[in-house]
Amino acid sequence: MEKFHQKLKNEKDRALFVELVHGVLRYKSLIDYYINFVAKKGVKDKRILNILRVATYELLFLEKIPEYATVNEACEVASKINPHLKAFVNAILRNIIRNKNQIEESLERIKDVDYKSYLSIKLSYPRFLIDYLEESYGLEKTIKILEFLNTKPPQSIKINTKKTNVNTLTQELEKNGFKYEINSRNNEIVLILKGNIKETELYKEGYFYFQDLASSLVVKFNQEDFKRAKKVIDLCAAPGGKTFNCAEVIDGFVVACDINEHKLDILRENILRLGFDNIIVAKSNAEVFNPDFAEKFDIVIADLPCTGFGAIRKKPDIKWNKSYQDIENLHELQVRILDNSAGYLKRGGILFYSTCTLGKKENEETVIEFLEKHKDFSLVSLTTIFPDEFECDGFFIAKLRKEGER
Ligand SMILES: C[S@@+](CC[C@H](N)C(=O)[O-])C[C@H]1O[C@@H](n2cnc3c(N)ncnc32)[C@H](O)[C@@H]1O
């Protein structure tokens with residue numbers, strides 16, 4: 001996406017490009033239902049199918065684009081791939097326009113026979129994910145979560161309190177004509193409702209970084225623990241959100257690790273831009289126990305790789321590139337990394353385990369398995385950030401304490 005995005009010079013074209021790509025990914029099953037309803041034998045050429053998907057998304061969701069413009073444009077693009085298929089594309093799209101009501105009614109009929117299959121098409125999620133979340137939270141809650149994860153997220157920034165404060169930054173936003181909203185749960189998180197804030201001097205000067213409310217809550221909910229800490233390690237730190245939250249409040253230093261060199265470069269750039277002098281960056285594989293870290297830290301942040309279902313609003317492709325096997329594999333990886341992190345804490349230290357996913361296997365069950373192996377740890381709290389309630393990404397935070405006095 002980045003590659004094509006940069007090629008578009010006009011701001012409006014870029015916004016439409018993102019809308020189309022995310023829109024198709026967000027509603028792929030629903031769009032395919034419409035296409036398959038009229039193309040009885042299916043569409044074999046993937047490129048033609050994707051042209052039809054974009055056009056169908058426009059027909060169903062974008063009222064500002066006239067139907068004839070959508071059809072003409074799709075036919076033009078299709079004829080560049082294969083001139084013989086222009087008429088086929090034209091026929092499919094005109095049939096969709098003509099039969100919209102009939103297609104909707106046929107979908108409603110599935111609702112009465114097989115409700116979860118209907119949801120899987122209407123809300124466009126793989127069936128395994130609906131079943132899995134239902135097992136964790138019940139069907140009613142699952143529907144609320146999935147509906148919210150289909151909404152478009154506003155840009156969310158975290159104010160860098162090392163350089164500025166809420167009043168100064170919001171005054172600057174007003175001066176620059178931005179529409180914004182201060183988050184009610186964390187007033188250092190500001191939602192940008194209109195305007196591209198990355199292109200501003202405010203960004204270059206390091207007055208903020210991009211972060212969702214959910215991710216900021218690990219430190220926000222536990223400010224006192226972080227204020228008291230002298231040494232913190234963030235095992236999977238890039239691009240740096242939680243490391244920065246922590247560096248803003250602690251009277252000590254954070255060791256920020258990651259395995260990915262490219263992501264570490266982004267982390268380093270961010271540290272320079274934001275002006276932190278209490279972060280040490282280290283390349284380290286969290287799956288391998290590092291004896292240099294043994295019993296050195298007051299707090300370990302383990303914000304671990306996960307399926308990322310909580311972040312579907314921003315990355316709707318997650319819907320289609322994860323399987324149940326991924327959930328199991330990531331659960332095992334999380335347990336392995338947590339095993340190591342236990343050894344990095346001083347006695348009385350705190351382990352924060354977090355994920356940007358939903359579902360019990362990677363969240364509660366990972367914690368339970370950890371606690372079964374590490375009898376010297378006790379559970380302080382488990383928090384699931386439900387996206388529909390908090391109006392942010394879905395997220396999970398476990399707080400665990402190692403026995404002994406600090
Ligand atoms: C969920 S992201 C971390 C987000 C970060 N904590 C933040 O708040 O911005 C997970 C990170 O784990 C890193 N990672 C994956 N496997 C790892 C491993 N074995 N050791 C260390 N880092 C790893 C990835 O490169 C990725 O940057």
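Analyst: Happy to! Let's begin with burial: a residue is buried if 20 or more other C-beta atoms lie within 10 Å of its own, exposed if 12 or fewer, and partly exposed in between, with C-beta atoms placed from the backbone. This is a predicted model, where local features need pLDDT of at least 70, side-chain atom pairs count only at pLDDT 80 or more, and totals for chains, interfaces and linings use all residues. Residues are numbered from 1 along each chain as its sequence is written.

User: Is Cys356 buried or exposed, and why?

Analyst: Cys356 counts as buried because it has 25 C-beta neighbours inside 10 Å. UniProt, in an unreviewed entry, places the feature "active site" at Cys356; such annotations may be inferred rather than shown by experiment.

User: Where does Cys356 sit, and which residues does Cys356 touch?

Analyst: Helices (H or I, at least four residues) and strands (E, at least two) are DSSP runs, numbered from the N terminus. Cys356 is in the loop between strand E9 (345-355) and helix H17 (364-373). Two residues are in contact if their C-beta atoms, placed from the backbone, lie within 7 Å. Not counting residues up to four places away in sequence, Cys356 touches several residues, including Ala214, Cys306 and Asp393.

User: Where does helix H6 bend?

Analyst: A bend is the angle between axes fitted to the seven residues ending at a residue and the seven starting there. Helix H6 (residues 86-113) bends by about 70 degrees at Asn99.

User: Which residues of H6 are buried, and what covers them?

Analyst: They are Val89, Ile92, Leu93, Ile96 and Ile103. Their cover includes helix H3 (28-38), helix H4 (46-61) and helix H5 (67-81).
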